[in-house]
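Hi,

Here is the structure I promised to send over.

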Amino acid sequence: MGWFKRKEKGITTATEDKMDVPKGLWYKSPTGKIVDADELKRNLWVSPEDDFHVRIGSKEYFEILFDNNEFVELDANMTSKDPLGFVDTKKYSDRLVDAMDKTKLKDAVRTGVGKSKGKFLVVCCMDFAFIGGSMGAVVGEKIARGIDHSIKNNIPFVMISKSGGARMMEAAYSLMQLAKTSAKLAQLAEAKIPYISLCTDPTTGGTTASYAMLGDINISEPGALIGFAGPRVVRDTTGKDLPEGFQTAEFLLEHGFLDFITPRKELKEKINLYLDLILNKEVR
């Protein structure tokens with residue numbers, strides 16, 4: 001006789017009474033490893049099974065970098081316009097509204113000012129969730145204003161890039177941001193204020209062609225995709241097979257495009273170390 005035997009047949013449970021597993025309890029990494037969501041968060045959104053760095057946004061990076069997650073956000077309510085009346089599968093103006101509703105963000109970058117290891121820091125961080133982290137006029141303007149704040153207050157500047165490139169719905173307006181942000185970084189250099197550029201997955205297109213590669217020190221998280229055009233475009237353009245691992249952070253480090261690869265757990269420590277060394281200050 002079995003341990004359990006159903007005495008009544010045909011038992012049914014109403015749909016509203018069924019116990020489903022809530023969404024978001026588990027995360028599956030690209031290598032197939034299953035990680036508890038709470039454990040993943042405690043590990044700074046890095047899979048302890050395979051060291052895969054899960055894509056995160058400005059909220060999480062600010063939590064990592066700022067002491068006690070205390071910071072002041074600059075230009076928090078700046079939003080994009082639709083100067084071209086652009087329409088593809090939907091109106092750009094509608095796409096902006098949808099993105100803001102879905103992400104609770106105003107655009108693809110946020111700027112925070114606060115203390116990191118006891119010293120003030122300006123951090124501009126991109127959010128891929130907002131239209132693929134695309135770089136439009138607001139992104140360029142907020143980065144420029146962040147740099148202005150650094151210069152005015154003599155505070156080091158950190159840029160965290162995570163972008164698919166320039167925002168096509170703004171056409172030339174978005175491309176102008178490459179020159180604009182590069183000119184502002186030149187002013188930052190003239191003021192002898194250090195700039196650390198952190199490239200995360202993905203850092204591509206006009207972002208790579210401008211501020212992402214102009215840091216005094218350029219660093220990346222492990223395994224990040226970094227490049228200008230995608231591998232398929234490069235392959236079709238050059239007519240050549242690409243090396244293994246092409247456009248990964250590790251490949252770029254080996255070929256001199258990056259200075260360091262820094263795991264997320266070490267970001268706060270290493271960024272502040274680099275700043276202390278650049279400024280010739282006592283290491284904190």
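This is a predicted model: local features need pLDDT of at least 70, side-chain atom pairs count only at pLDDT 80 or more; totals for chains, interfaces and linings use all residues.

Now the overall picture. The protein chain has eight helices and nine strands, and its C-alpha atoms fill a box of roughly 85 × 50 × 45 Å along the principal axes. Of the 284 residues, 42% are buried. If you take the contacts with a separation of 6 or more, 65% of them link residues 24 or more positions apart. On the charge side, there are 40 positive and 40 negative charges, and their mean positions lie 3 Å apart.

Two spots are worth a look in the viewer.

Start with helix 4 (residues 137-153) and helix 5 (residues 172-190). Their axes are 9 Å apart and meet at an angle of about 5 degrees, so the two helices are roughly parallel to each other. Helix 4 makes this contact through residues including Ala137, Gly140, Ile143, Ala144 and Ile147, while helix 5 contributes, among others, Gln177, Thr181, Lys184 and Leu188.

Then go to helix 2 (residues 58-65), which is mostly covered, with six of its eight residues buried. Those are Ser58, Glu60, Tyr61, Phe62, Ile64 and Leu65. The cover over them includes strand 3 (71-74), strand 4 (109-116), strand 5 (119-126), strand 6 (157-163), strand 7 (195-203) and helix 8 (267-278).

Cheers

Note on methods: Residues are numbered from 1 along each chain as its sequence is written. Side-chain values use heavy atoms; hydrogens and water are left out. Helices (H or I, at least four residues) and strands (E, at least two) are DSSP runs, numbered from the N terminus. Buried means under 20% relative accessible area, exposed over 50%, partly exposed in between (1.4 Å probe, protein chains only). Contact means heavy atoms within 4.5 Å. Lys and Arg count as positive and Asp and Glu as negative; His and the chain ends are not counted. The place of a charge is taken as NZ of Lys, CZ of Arg, CG of Asp or CD of Glu. Axes are lines fitted to C-alpha atoms, for helices over the stretch in contact, and angles run from 0 to 180 degrees between N-to-C directions. Angles under 35 degrees count as roughly parallel, over 145 as roughly antiparallel, 65 to 115 as roughly perpendicular and the rest as oblique.
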